[in-house]
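User: I've got a structure to go through with you, and I'd like to take it one question at a time. Ready when you are.

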Amino acid sequence: MIDVFVGHYSYWFILVLLVIGLYGIIFKKNLVKKVIGLSIFQVAIILFYVAGASKWTATVPVLEHGVQPEVTVQYINPLPHTLMLTAIVVGVAISGVAFALIIRIYRRYRTLDEDTLLKYMNDDKE
Amino acid sequence: MKYINAFILLVFLSLLIYASTGLPNRGDIDAVVNRDRSPSGTQNASSYYIRNAYKDTHTPNMVTAILADYRAFDTLGEETVILTAGLICFLLLRKRRKDDEE
Amino acid sequence: MIKNNAPALAPLIFLFAGIIIPLVALKLRSLAYYVALAATLAATIVSIFNLFSVLETGPIRYYFGGWPPPIGIEYVLDPLSAFLTAVINGITFIVLIHAGKIVEKEILEHRRVPYYALVMLFLCGCNGIILTGDFFNLYVFLEISSLALYGMVAAGDKKAPISAFRYLIMGTVGGGFYLLGVGFLYFHTGSLNMADIKEILPVLGTNPVVIVALSLMILGLGIKMALFPLHGWLPDAYTHAPSASSSIMAPIGVKIGAYGILRILLFVFGIKFVTQVFPIAQIITWLSAAGIIYGSIMAISQDEMKRMLAYSSISQIGYIGLGIGLANPFGIIGAVLHILNHGLMKACLFLVAGNFRMKLGHSNINDFNDTLRKKMPWTTAAFAAGALAMVGIPPTVGFFSKWYLVLGTIENKSWHFLVVILLSSLLNAVYFFRIIEKIYFKSQHGSQVNEEKQPIKRSEVTASMLVPTLVLAVALFIFGLLNTLIVKGVLMKALPPGM
Amino acid sequence: MKSNADNPITTLISSIVAPFILLFGMYIIVHGHYSPGGGFQGGAMLAASVILLRLVLGSEIGQLQFKSTWGTPLGSLGVLIYFGTGLAAVFFGGTFLNYHFLPIAQEASMKRSFGILFVEIGVGLAVMAILIAIYDDLLGEEPDD
């Protein structure tokens, strides 16, 4: 039991972070706060991959003195780090697009409150 | 509705936490991910990278070697994503050039 | 050289076009459209060529960077992926011919260059998703295509940015769920390659990790596909997008998610796992059935043609999900055939809606009347053809995919789904014949007496818009008649292993 | 955006620091083979140096370092460098992005090393240009429509 806890507690914190991000997306009414929630959600996924890549015995995946190792326990798993580098860039791109959209919305409606915007969406028959 | 959403989120969280206990312990060097061979006998990618990255690419930083060589196509996709974001900002917010207004 | 690299050529052509358009347009902006058109034509030719070569030689695997699969990324060109790339590129080529004029009307001049670049990148993403054999590569291309789609939606009318924002939030959460699912699967199996994971999973046995990973991936792709309870973004996005965007995304946009689910459920996890060990296929079937009914009922109550077509899309996606969830040969043939057929039907109908918007300035159903028939005889004829196909009248394509789905439900002995399919055909008939009645059968009202004296002038759209519409309308009948050829020649070979 | 050019401290410090950030960004890009770093990180730093000057001196003077209109074309160019490296491999007979076929070095591993370098430069250029372009677009004035 204690073994399961020690081996997995970091995943649990990360998953709680993920759900905090989802909470922000669902419950917050301000569009900027929604984007913040989205960022927390993506960061949680990135942390999940990075946590899974670790090994107790290992160090960063940069070879020392250019000597190829005999055993793999010396370096952590480099693949999730690579994948997350890509995912970070995707996250940056999405935040950029989200803020561009928010600016467009604010210029037209002068508000970022979701309920008011939904009212505009449904009422105004163009 | 608010309480239903909160309840769904909590159920979702507990499901995820339950599932995560099935994962190997964090840092376990004997986990499937860190073995040399996958359970079906094929080569495991990550241990291949650690053993051969320098031999193949003359690059001590394995992350760079994977990023730009073994999985270079992912990185091309990543570049495309950020180009797409730039184009969308262009599309949504750029003013027209001065010479257009004539 | 070209032959060796043919499997990867279609997405690379689109990617090249997407990169080169902003550079070319520095000199001459109007070139952007022609570059886009040429790239789509080239990709169509390549993918049709690929389809024939795959049918001859069997699946082709293409290794990027020369690294074999578990180490590098591979593209898998099998009959299913070759067929779908050909379908997507072909339909988009026809739609893009139509798009030239309507983009000129709806999108400001300085915005056309990034717009066409985004269309190209969207298609690059779609082709990449279909061809890839790697889970993470699928995620990257999924994000390319959806990001481009957000931009294409946001270029529309006044409310478009809000609908694009909601779409962005939902789509990104979907992508995140998919990525999390891939993470669970990776830490469980140690691989990202689809073919590799397919071998590893039976060895490792059932585990909560696998089940949650599969559910998360289906959830994420379900949002992108607009599976029934996750469809919230779709109606607004389709309605407020520019006509060109909605006629590009309606036929192919959501099909990508459907294809991803089909590939993951039946080709990676296998039929036995998804029907017996963890019956997620049944869940998908039930949700799809609910979506079919919901979409049809909502479509009846819409006043705006594009919005009606959007709800009709939700119901038609339901057919595809139903076929996938049935997990038997007839169901899958029906689903894949419906991806082609629905692509043709929806493209045709959205082009008609675009033509109405071009000439009338609106597409409100309540304002349609029989003067439309005299003004735009060809467009309304194309609409009638599309409506017949959507309802499923025999010589058109709509009938045949429903026929295979019906066979699939009979084979599974799930009569309730048979009832759902028949009921939704009836509902389809209700909302399409409502418009056909307005255009063709309604006599003129008293208020229009004045117009009777002066004969209504014909004001059909220009040839570059009319010809694609008519080509699609004719294709609805041709592909209907050729359906046995497609099913026997391609789809029978595209079934997942073990069927 | 309003110019802060009348504040001597920020002006002085940032105009001293910005070139060094630029240099360090380039170092990060080309040294990605040997230490943590690479195209994306270096590109973000290059963009940071340009954006720092824009923040401090105002967008008008910021045009001297990097014109707003360069953003998207330079970004396309960066992706084109990446794409072109892959395509060159195709022209010399390999599959896409197979640096082994590039005629740039004798040893197989060195070929791949150089291939990685080209690719990273492309990535750095694209990321820099597009981050600046996004910044410019987000801060741009209201369009007339």
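User: How many of the residues of chain C count as buried, as a percentage?
Analyst: Keep in mind that this is a predicted model. Buried here means under 20% relative accessible area. Of the 499 residues in chain C, the share that passes is 68%.

User: What radius of gyration does chain C have, and why does it agree with a compact globule?
Analyst: The C-alpha trace of chain C spans about 80 × 60 × 45 Å along its principal axes. A compact globule with 499 residues would come in near 23 Å, so chain C agrees with its radius of gyration of 22 Å.

User: What share of the contacts in chain C between residues at least 6 apart in sequence join residues at least 24 apart?
Analyst: For context, chain C has 21 helices and two strands. Take the contacts between residues at least 6 apart in sequence, then keep those joining residues at least 24 apart: that's 80%.

User: Moving on to chain A and chain B, what area is buried between them?
Analyst: The contact involves 51 residues of chain A and 46 of chain B. Carbon and sulfur atoms give 73% of the buried area. The total is about 4,400 Å².

User: Which helix supplies the largest share of the side of chain A that touches chain B?
Analyst: Across this interface there are 13 residue pairs in polar contact, while the salt bridge count is zero. On the chain A side, α1 (2-27), α2 (31-52) and α3 (78-109) each supply at least two residues. With 17 residues, the largest share comes from α3(A).

Terms used
Residues numbered from 1 in each chain as written. Chains lettered and ligands numbered in written order. Predicted model: local features only at pLDDT ≥ 70, side-chain atom pairs only at ≥ 80, totals over all residues. Heavy atoms only, no water. Contact = heavy atoms within 4.5 Å. Buried area = accessible area lost by both parts, 1.4 Å probe. Salt bridge = Lys/Arg side-chain N within 4 Å of Asp/Glu carboxyl O. Polar contact = N/O pair within 3.5 Å; in protein donor to acceptor, adjacent residues only side chain to side chain. Helix = DSSP H or I, 4+ residues; strand = E, 2+ residues; numbered from the N terminus. Rg over C-alpha atoms; globule rule 2.2 N^0.38 Å. Buried < 20%, exposed > 50% of the residue type's maximum accessible area, 1.4 Å probe, protein only.
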